[in-house]
Amino acid sequence: MAITALPSHLRATPYDNYVVLADAFLHGHIWIEWSDPHIDAVLYHGQRFVVNDPVPAILLMPYVAWAGFAANQTILSVLLAGVAAAAAWRTAENLEVPLGRTAWICAFAFAGTDLWWGSVFGDVWFLAQTSAFAFTMLALMELSGPRPRGWLVGVYYALALGSRFTIVTATPVFAYLVYLGNLDAYRQSFEHRGRRLAGFLAVLAVFAVLWMAYNYARWGVVWDSGHTIFFHQDENAGQPFGSPFGLGHIPYQLRSFFILPPRFLNFWPWIYPLRYGTALTWTSPALIYALWAREPYVTIRAMWIAALLAAGPSLLYYVNGYSQFGMRHALDFEPFIVVLMLLAARVHLPAWACALICYSIIATAYGIWFWLRFFPRPVIVY
């Protein structure tokens, strides 16, 4: 956590939508007091609503009850990044990855992805994805343990969904893994499979009821139409009609994820990461090491399917994350890639993979420095 806190200096973000939403919850309503243009809440039936999913706001409620609008949501972002790193480490221990290789992969999971960059700034969008990453990693940690509890996997996964609902597409894989009983094929338990799965599904059923009630209270329908409303009101990239999701966005998203380069200059600072993103090929190339995971086959297949399913909504979305270093939407599926990397490292961690991990960490550190240096934050006035 100190690695995140030092570069951020725990600066309060001006994009503190979750502080504002937590205050609304504490006052018994879900619409927000909107007076700051940095808070990109949608206008619906005369009130302003935060589109982003509510779990981080719920976690902030005790802090906001004490500090009010002066609460600093970057602190929660830093804490959740630490939870994610700890969960990745514990997952490695459960999978019996050698200690040295565990350190390499967990260093990448924390500092070689957008997890580190996003947690430094703590903006509403970055906090949502940091929270989803942390709770998804906790769910995978529980699944890698000696006696996974289906209900607890469900709780962690529900908290991830309540942070970034788009990862709901991975639900069938989680249900399958809960039924199997362990990420390691050699430790899967044939006992109590039905009970584990029932516990998992019962938790998700409660979450689904609460989720539909929350949506109905906001939008008058049981599904989340907030992103569609935001798309219609987005003057920068939206449209006044239609859906923000579409097959026509896939080429743009694939270019964003795999091709989009930084700008190379012939003067200092020489490398200029574009404000609207840089492809994973340039920022986190160590992800490719996941392709070297070979066994257990059932888990390998499940992790790849989960990663593809979790990436699906982002591939269909009309923007790639908009203002970011790297490609922050990759945090939706990177917990599954981290597990694949751990499984590969259980057998062998070649020097070229370590070199790519070092490069990814240096690239992320450069991205943090560049944003702090060249993209000044708006001044916060309380």
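## Close-up views of a predicted model

**View A. Trp270 is partly exposed, at a relative accessibility of 46%.** The model shown here, and in every view that follows, is a predicted one. Trp270 sits in the loop that runs between strands E3 and E4. Its backbone is worth a look too: phi is positive, at about 75 degrees, although Trp270 is not a glycine. The 46% falls between the 20% and 50% cut-offs, so Trp270 is called neither buried nor exposed.

**View B. Trp268 and Pro269 are joined by a cis peptide bond.** Omega for this bond is about 10 degrees. Pro269 belongs to the loop between strand E3, residues 263-264, and strand E4, residues 271-272. Trp270, from the view above, is found in the loop between E3 and E4 as well.

**View C. A cis peptide bond also links Glu295 to Pro296.** Here omega is about 0 degrees. Pro296 is part of the loop that connects helix H13 (280-283) with helix H14 (297-316).

**View D. Tyr322 has a positive phi although it is not a glycine.** The angle is about 70 degrees. You'll find Tyr322 in the loop between H14 and helix H15, which spans 334-345.

**View F. Phe333 is one of the residues with the most contacts inside the largest nonpolar core.** Ile105, Phe174 and Phe336 are the others named in that group. The core itself has 114 residues. Helix H7, residues 124-144, supplies the largest share of them, with 13 residues. What does Phe333 meet beyond its neighbours within four places in sequence? Phe257, Leu280, Ala307, Ala310 and Ala311 are in contact with it.

**View G. Trp104 is found in helix H5, which covers residues 99-111.** Its relative accessible area is 33%, so Trp104 is partly exposed. Leaving out neighbours within four places in sequence, Trp104 is in contact with Leu349, Cys354, Ile357 and Cys358. Now look across to Arg164, 60 residues apart from Trp104 along the chain: their C-alpha atoms are separated by 27 Å.

**View H. Arg149 lies in the loop between H7 and helix H8 (150-161).** With 43% relative accessible area, Arg149 is another residue in the partly exposed class. Where does Phe200 stand relative to Arg149? The two are 51 residues apart along the chain, with 8.2 Å between their C-alpha atoms.

**View I. Ala67 belongs to helix H3, residues 55-67.** Val19 is 48 residues apart from Ala67 along the chain, and their C-alpha atoms are separated by 9.9 Å.

**View J. Stepping back, the chain has 16 helices and four strands.** Its radius of gyration is 20 Å, close to the 21 Å that the globule rule gives for 382 residues, so the chain is as compact as a globular protein of that length. Its C-alpha atoms fill a box of roughly 60 × 55 × 45 Å along the principal axes. Of the 382 residues, 55% count as buried. Among contacts with a separation of 6 or more, 76% are between residues 24 or more positions apart. The accessible surface is about 16500 Å², and carbon and sulfur atoms account for 69% of it. As for charges, there are 21 positive and 19 negative side chains, and the centres of the two sets are 8 Å apart.

How values were computed:
Residues are numbered from 1 along each chain as its sequence is written. This is a predicted model: local features need pLDDT of at least 70, side-chain atom pairs count only at pLDDT 80 or more; totals for chains, interfaces and linings use all residues. Side-chain values use heavy atoms; hydrogens and water are left out. A nonpolar core is a set of buried Ala, Val, Leu, Ile, Met, Phe, Trp, Tyr and Cys residues joined through side-chain atoms within 4.5 Å. Buried means under 20% relative accessible area, exposed over 50%, partly exposed in between (1.4 Å probe, protein chains only). Helices (H or I, at least four residues) and strands (E, at least two) are DSSP runs, numbered from the N terminus. Contact means heavy atoms within 4.5 Å. The radius of gyration is taken over C-alpha atoms; the globule rule is 2.2 Å times the number of residues to the power 0.38. Accessible areas come from the Shrake-Rupley method with a 1.4 Å probe; for residues, only the protein chains shown count as cover. Lys and Arg count as positive and Asp and Glu as negative; His and the chain ends are not counted. The place of a charge is taken as NZ of Lys, CZ of Arg, CG of Asp or CD of Glu.
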